[in-house]
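Dear colleague,

Here is the structure I said I would pass on. My notes come after it.

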Amino acid sequence: MNEGERKGQSTRGTMVLSLDLELSWGRFDKIPVEVLSAESLAERQQIKRFLALLDQYEVPATWAIVGHLMLESCVRDGTGHAHAETMPHARYSWYPREWYSCDPCTNISLAPGWYGPDIVEWIRSARVHHEIGSHSFAHIMFGDPECSASTAEADIKAAVEVAACKGITLNSFVFPRNRVGHLEALRRLGISAYRGEDAPAIGKGYGLLLRPVNFLRQVLAIPMEPVQPEEVLPGLWNIPGNHFFLPRKGIRKILPRRGQALRAKRCIDKAVRTGQLYHMWFHPFDLLTDSDAMFLGLETVFDHARRLREKGLLDILTMEDYARRLAREKYGVPSESRQSM
Ligand SMILES: [Zn+2]
């Protein structure tokens, strides 16, 4: 129980929704690229549908987008290399190939899984004002010990530049696979907020043994604890996630269809009671399986959030706006002004 709860104060919570948009970049090391390419077309349909839902409930989101998706096309240089601007390229012992070996170096019509400027435009033309953030340039693993500072920095720089070409300033960052690393580079290149890892689920570290416990928590819709943002470097805020809105895949298909929405609503209520944060996240491709159930669940959550917002009990903010508010509360001035002070 925190101070707010102890005193029985009526407080105001915050909800943040962030989405990791990656298309083929997110899983080319795990899934055949032909499968991913076909999936990217189906994913586009779900993104359109989801944007309409966000408009309906006036829910702004932070769309963390893989920078390469902002391109219409790309080419290999004379030496056969893709994206010399991001060198030194990532090299990991678990992925024995050149990081860009799957990059088709063609264009959106021929390879819609690797380019997505159309999606960026849909997000920008939505009625609700969404934030366009970054999910790196090429979905490299920042938190991997094999990721050097120069690789991380070149990747972020490429993401910042491709966004700038579209008139977008990147302020928020989501680490690929939530592998946090190289925060100094992030801050240096102008990022003011990132989504930190979710608090470990109960029993994490005990492996398979306690998986049933976590499954049971889902069945019983036991809410996650609200999270607290933290300024980890001057002007850089960690806005941790606390609810991965799970896709209805595998064994999760047997979970009650409304269970996850109930859990989310309880999380939001807890954030309101404690004056803290509820941060939901997922990937648009998570909407591909059992789509109607996923949309029904999300609509239930957004309807609940909108009612609380109308009562003045909940703010629904993008990561960027939330980081600005935190800086204002802490220092009395927006973080960007403070940077130049
Ligand atoms: Zn490329």
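Predicted model: local features only at pLDDT ≥ 70, side-chain atom pairs only at ≥ 80, totals over all residues.

Residues are numbered from 1 along each chain as its sequence is written.

The protein has 10 helices and 10 strands (DSSP runs, H or I of at least four residues for helices and E of at least two for strands, numbered from the N terminus). Its C-alpha trace spans about 65 × 55 × 45 Å along the principal axes. The radius of gyration is 20 Å, which agrees with the value near 20 Å for a compact globule of 341 residues (taken over C-alpha atoms; the rule is 2.2 Å times the number of residues to the power 0.38).

Of the 341 residues, 39% are buried (20 or more other C-beta atoms within 10 Å of the residue's own, with C-beta atoms placed from the backbone). Beyond its neighbours within four places in sequence, Met15 is in contact (C-beta atoms, placed from the backbone, within 7 Å) with Ile268, Ala271, Tyr278, Ala305, Leu314 and Ile316.

Helix α2 (residues 33-57) packs against helix α8 (residues 291-310) at about 20 degrees, with the axes 10 Å apart (lines fitted to C-alpha atoms over the stretch in contact, angles running from 0 to 180 degrees between N-to-C directions). The two are therefore roughly parallel (under 35 degrees).

Regards

Methods. Contact = placed C-beta atoms within 7 Å. Buried ≥ 20, exposed ≤ 12 C-beta atoms within 10 Å, placed from the backbone. Parallel < 35°, antiparallel > 145°, perpendicular 65-115°, else oblique.
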